[in-house]
Amino acid sequence: MPGPGSRGKVKSKGNKAKSSAASSSTIKASSDVDEVYITEIDNAEGWNVIVNILCHYFALPDLTTRSGLKKVHANFNAIYARIDKVYEKNLNNEKIRGAIVGIFAKMCVDSILRNKLFEKGILEKIMPLLDIDETRHLALRALSTITHHGGSKIRMEIARKGNVLSKLIRDLPDDEKVADLGIAVLAHSVSAVVEGDAKPANPAVLKSVDMVDILKTVLETIKRPHSRPRSMIEHAVELVSMSSLHAASAFKAYPPAINFLVAGLRSTDWVTRCTCLGGLIRLYRIEAEDDQRQLDPHRFMAAIQRGVPPHLNDILMDYGPMRSEVFLTLSCTAEFQKAMMSCAQNHDLYALGLKQAELIVKTEFSIADGMFEVEDPMTGRRSFDDMGLPFKMWSDSLPHCARAIRKMNKPREEDMADILDIKYFIMKQRIPDAISLAKKCIQRNPEQAYFYYAITLSADNVQGLRAAKKGLKCTMITPFVKYQMMQRAVQHAGDMGVKLLQEMPEAGEKKWEEGIAFLMSALDDAKAYVDGAPPDNRHMKNVGYWFVLLIILVKEDLSPDLRELKGPLERLKIADQFSEYMGVVPPKTNLRLAQQSAVKHYPAAIKEFSHVYAELDRIKAKTQSAPIVDPEKLEDDLATWLEDMRLDDGTLEETARCGSASEHPKINYDHVTLYRCSWCGNPSAVLRKCEALALCEIRAPF
């Protein structure tokens, strides 16, 4: 939208008018726009020409340059007063009103000018133009420009008009420009309202709009054929995926919105797939239940006494009953209790510690958090007693036993003392302490897998995934620790892949390749876990959820009835039955609900929206050639990322290697090295400077 100097056909008249306008800093109160200009505007074709005429009339600097906008900012009040006076005096002239709104919209590219114009009430000038045929497209274009460049506060104000825009789109089904611009404005504005984790950025605005109406209007619109559908489909994906967390009730009331997300999992575009998966997972976050954290010993023993149901017993027999979680938990519990009773008699903390360390690496619930119970022979009253030991709670024995082992000063038993301390931190939910200690232990012995397992419990996906991959190559590893790290690797890699690709990198960019590599890694580890871990392991459910979602996301060909998922879904069903047998109703975790929704809605989703994504994929394929995903290269990318990421402070020495018959080949892909900003804490493969800090310390997170 050019300013002076770009008038084209009206150049000669403009020069004359420009000199006249420049001779006076204000327009005379007794006149409207000069008759010459009114005639010129009335006869002009196209908003660009009309805007140019008014730019010359107001003697505006070139609004297409940064320097021009700075000049407007320096003299804003005077310029706005001149323009607004003409606007108010020509309320019946739609072309003048429209052109002035266009000028203001162009100024809104500058954030300071945008805020000032909103304070002056620009939105009230734009909205009435939506009802006029001649100015409707220009008004929508202005809203699109403002919401594209606008701050969150301004976009929230425009979101208040969301249902006005959805009605406009619905009332004009044959106007593709209205649909295109209207959906873009809705995506930009509503997204500002619904963003936020614990609560939406603006609950009041969200409550004031009818999200069912908006979702229905947008999705019904994009299902129709259009000559240029790419922008509106992409904005629809943005709107729906961003709204799912805090507008979940609207999705439940209008299931096609869920279908839209599920259908998007089958797009050929990786970014679209992961954006939809992120939206699907967020849809159930608020209603989701926490996962099982502890084993109820009473329910467990009651289950043992009832006996394993025949069909589940057959599964355990096929797997190997001595390797099953039920057997290991039961046998370790018995050994632990026997060791505690012996310690109560002989007070040998050293012997107790050695037994505890042996059991900890065998099964998850190896250390029961019980106490010694005694009965008064006189009164029959029962109470808890420390039995002359320095602890009452059995879990509190761990640090005492660790000290007893260290006191013996036997080199081969150092790991055992460290394992006891790490387990104690984990049981007390002191995960940062467990991780800190594990890192120090790795410096001494990088072959002990349990140390890496402790680090995988980190909420930091980068740190956790790297530890899991390193730990799985260690020589000192038990089946329990192996599968614990494997399930954590699935979680970390899955999260990282989805997060990276939701940042919308271009195909072939570093983040794009990394995101795919992480998802492929998660899929491989999930398959290995499902095929090899004990079928009664409590994590079989969570890994199974990821496995199903990743197959839908990654597998090239899937039938509408998902017959290819028959095996994984049957294993999930068995995992649920094992959980119920042990007295634990499978928790409705976030991932469980998302996986169940994907399977439930998939047939209808493909039927309703597959043609929409097929059209988007077709257009993208014509405009850009997506790089071929090479599995071997992705594996090398991930391997290099795992090998090259180091702490500057030397927490993990260069020589600290887990045992492996061969090393992965080193290749020169700088993009697989992830960094973490010490200011904001965000990991990124391309981080060089954090926006919040001019000069940012760059260091690897683990």
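Visitor: Starting with Cys-276, what is its relative accessible area, and is Cys-276 buried or exposed?
Guide: Cys-276 has a relative accessible area of 0%, so it counts as buried; buried means under 20% relative accessible area, exposed means over 50%, and partly exposed lies in between, with a 1.4 Å probe and protein chains only. Please keep in mind that this is a predicted model, in which local features need pLDDT of at least 70 and side-chain atom pairs count only at pLDDT 80 or more, while totals for chains, interfaces and linings use all residues. Residues are numbered from 1 along each chain as its sequence is written, and side-chain values use heavy atoms, leaving out hydrogens and water.

Visitor: How many disulfides does the structure hold?
Guide: The structure holds zero disulfides, a disulfide being counted when a pair of cysteine sulfur atoms lies within 2.5 Å.

Visitor: Where do H18 and H29 cross, and at what angle?
Guide: Helix H18 covers residues 270-283 and helix H29 covers residues 510-532, and their axes come within 11 Å and cross at roughly 60°. The axes are lines fitted to C-alpha atoms, for helices over the stretch in contact, and the angles run from 0 to 180 degrees between N-to-C directions. H18 and H29 are therefore oblique to each other, since angles under 35 degrees count as roughly parallel, over 145 as roughly antiparallel, 65 to 115 as roughly perpendicular and the rest as oblique.

Visitor: Which residues of H18 and H29 meet?
Guide: Trp-270, Val-271 and Cys-274 on the H18 side meet Trp-512, Ile-516, Leu-519 and Met-520 on the H29 side. Sorted by class, this contact of H18 with H29 has seven nonpolar residues, no polar ones and no charged ones; Ala, Val, Leu, Ile, Met, Phe, Trp, Tyr, Cys and Pro count as nonpolar, Asp, Glu, Lys and Arg as charged, and the others, Gly among them, as polar.

Visitor: And H24 with H25, at what angle do they pack?
Guide: Helix H24 (residues 414-427) and helix H25 (residues 431-444) pack at about 165° with their axes 8 Å apart, and that makes H24 roughly antiparallel to H25. By class, their contact has eight nonpolar, no polar and six charged residues. Among the residues that meet there are Asp-418 and Phe-425 in H24 and Leu-437 and Cys-441 in H25. Cys-441 has 3% relative accessibility, so it counts as buried.

Visitor: What lies in the loop between H24 and H25?
Guide: Gln-429 is found in that loop, and it has a positive phi of about 60° although it is not a glycine. Ala-59, likewise not a glycine, has a positive phi of about 55° and lies in the loop between H3 and helix H4 (66-74). With 41% relative accessibility, Ala-59 counts as partly exposed.

Visitor: How do H3 and H6 pack?
Guide: Helix H3 (residues 47-57) packs on H6 at an angle of about 80°, with the axes 9 Å apart, which makes H3 roughly perpendicular to H6. The contact has nine nonpolar, one polar and two charged residues by class.

Visitor: Where does Gly-102 lie?
Guide: Gly-102 lies in helix H6 (residues 94-107), and with a relative accessible area of 2% it is buried. Gly-102 and Val-51 are 51 residues apart in sequence but 7.0 Å apart in space, C-alpha to C-alpha.

Visitor: Last one: what does Gln-487 touch?
Guide: Not counting residues up to four places away in sequence, Gln-487 touches Tyr-529, His-539 and Val-543. Gln-487 is found in helix H28 (residues 479-502), and at 9% relative accessibility it counts as buried.

Methods. Helices (H or I, at least four residues) and strands (E, at least two) are DSSP runs, numbered from the N terminus. Contact means heavy atoms within 4.5 Å.
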